[in-house]
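Please read the following report alongside the sequence and the coordinates. It goes from the model as a whole to the individual chains, then to the contact between them and to a few selected residues.

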Amino acid sequence: MLIQNQPHILISLASDIIEPNPIRNDWEVFQRPVVTSDKWPQYNYTFEDQPKPNLYDTYKTHWLNGIDMWKKYGQHALAQNDTTVLVNDVDFFFSPLIDLYHDSPPNTVVFERLWRCSRYAGYSLPSHTPHPVPDTFVTSYSNFMKIVSIWKWIDSHNNTPELLSNDTAWLLVLRTIWKYNLIHTSTRWKEGPKV
Amino acid sequence: MSMQHESIIDIKNIAICMYGQYRTGDACLEYIKKFYQAKNVNIDFFCSVKEYETAYTRPEYNKNTLGITDHLTQRPLDKTAIEYQSNQIKTHYRPKKFEVYKTRNESILLDMKQSILHSKVLSAWAESIMLKQQYEAENNMTYDLVIMQRYDVIVWPSFAFEKVLYGIQGLRVGNPSTIPTPDKNIMFFDQIGAFRPEQIGSFMYPNGQDLWVWGLGNSLDVWVYEALQHIPSGLSSNYTTKQYNYAYPHYDTHEMLACICIK
């Protein structure tokens, strides 16, 4: 099995809570408040009955953090999966995700919450249809930017509301993972809400 | 998929991302400026230029005028030349963002020497597209269409840009009779080889000198993110001539582009 060489770790936080962050001193934090667009309410979602920021806004915020990473480090530090990005809204204990990421093949995205969805049981057993709550994950800079730039894809070309109103946050992420042929797994693969 | 469920291509903002070595840029700039004049759209340039030249695309010229026979060798430009080229670019293209791509950035990369013709090109592409993304982030806007080309490339006929642009405006994405993609991201490119002797007689349409890449939506952004996995870093490299499963075989720049696009 290929073991990834990960000498560089950056953290992207999309949080309205701006204060000195307690995350480990040697992991640089890129943090900014969640942008507010009032667009695409169908990408609102909740976790454990708590409303979360709109996925479009959250990902746009992470994308802005990603651009800041590029401006500071450039392609020579960010290329070749040599930089790992830890993604969440606020401070988080990332170690289990990092451990799994380091034991995974290159280009893997490790979500914190990802499970088989009984609602789509017809597809879940043979295809392991994932049901990600996609706001907490660990992956390379390259894959991080692929995922969070979804917000720009959403905005492209006068999208008809009919299409996107039928969309959901996790369907959007699922489609993106498949579209870009990303390997994905989770630290909580077997857990999930009853839907 | 019914019509009401499809997105419509609606291009308002266009980014022209220029990359690579300036070379014969002086001879091309007036044509390029005129080529990209189009009505009812906003067109901005983003320019990254290298501080050296490898003129393998014009071996006879190099041999006769410069006495250079090793066409893959980098010829560093002196300060005067870099300032001149930078000034030409800024004056004529008025780029929203401009940078000189530094050789020192390449010197720290593993395997860059072996993959000189390919990884360095890839680096220049990434640099140019990321200039555009930085501008988008700073100004809270996005470009609907992104085009990538070099300073020494001209495309013809002279109305090709407008013809294609106005041809795709208003098309319903996903209509198989127009553009065969279910996605809103569309990317197409032309490997232009009519003037390379070994490529005369190929199937390619003879309409320019090298590479012309179009990307709608965020397709070129994503393409750069993918390309990053094929650019050597200071710590590791995927360069290989033999391994196909994950590492990238660097044979030809155009083939490399096609390979990344397929992923």
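The report below begins with the origin and confidence of the model.

This is a predicted model, in which local features need pLDDT of at least 70 and side-chain atom pairs count only at pLDDT 80 or more, while totals for chains, interfaces and linings use all residues. Residues are numbered from 1 along each chain as its sequence is written, and chains are lettered from A and ligands numbered from 1 in the order in which they are written. The model scores ipTM 0.87 and pTM 0.88.

**The two chains**

The table uses pLDDT, the predictor's confidence in each residue from 0 to 100. It also uses burial, where a residue is buried if 20 or more other C-beta atoms, placed from the backbone, lie within 10 Å of its own, exposed if 12 or fewer, and partly exposed in between.

| Chain | Residues and buried share | Mean pLDDT and share at 70 or more |
|---|---|---|
| Chain A | 195 residues, 44% buried | mean pLDDT 78, 75% of residues |
| Chain B | 263 residues, 40% buried | mean pLDDT 80, 74% of residues |

Where pLDDT is low, the predicted coordinates should not be read in detail.

Chain A has eight helices and eight strands, and chain B likewise has eight helices and eight strands, with helices (H or I, at least four residues) and strands (E, at least two) taken as DSSP runs numbered from the N terminus. Among contacts with a sequence separation of 6 or more, residues 24 or more positions apart account for 70% in chain A, and in chain B 75% of the contacts between residues at least 6 apart join residues at least 24 apart.

**The interface and the core**

Contact between the chains involves 40 residues of chain B and 32 residues of chain A. On the side of chain B that touches chain A, the elements giving two or more residues are α5 (119-139) and α7 (219-227) of chain B, and α5(B) gives the most, with seven residues. That side divides into 15 nonpolar, 17 polar and eight charged residues, where Ala, Val, Leu, Ile, Met, Phe, Trp, Tyr, Cys and Pro count as nonpolar, Asp, Glu, Lys and Arg as charged, and the others, Gly among them, as polar.

The largest nonpolar core has 93 residues, of which Cys17(B), Trp125(B) and Val224(B) touch the most other members; such a core is a set of buried Ala, Val, Leu, Ile, Met, Phe, Trp, Tyr and Cys residues joined through C-beta atoms within 7 Å. The largest share of this core, eight residues, comes from α5(B). Beyond its neighbours within four places in sequence, Trp125(B) is in contact with Tyr19(B), Met148(B), Val224(B) and Ala227(B).

**A loop residue in chain A**

Val34(A) lies in the loop between β2 (28-32) and β3 (45-47) of chain A. Val34(A) counts as partly exposed because 19 other C-beta atoms lie within 10 Å. Apart from neighbours within four places in sequence, its contacts include Ala14(A), Asp16(A), Pro53(A) and Thr61(A).

Key
Two residues are in contact if their C-beta atoms, placed from the backbone, lie within 7 Å.
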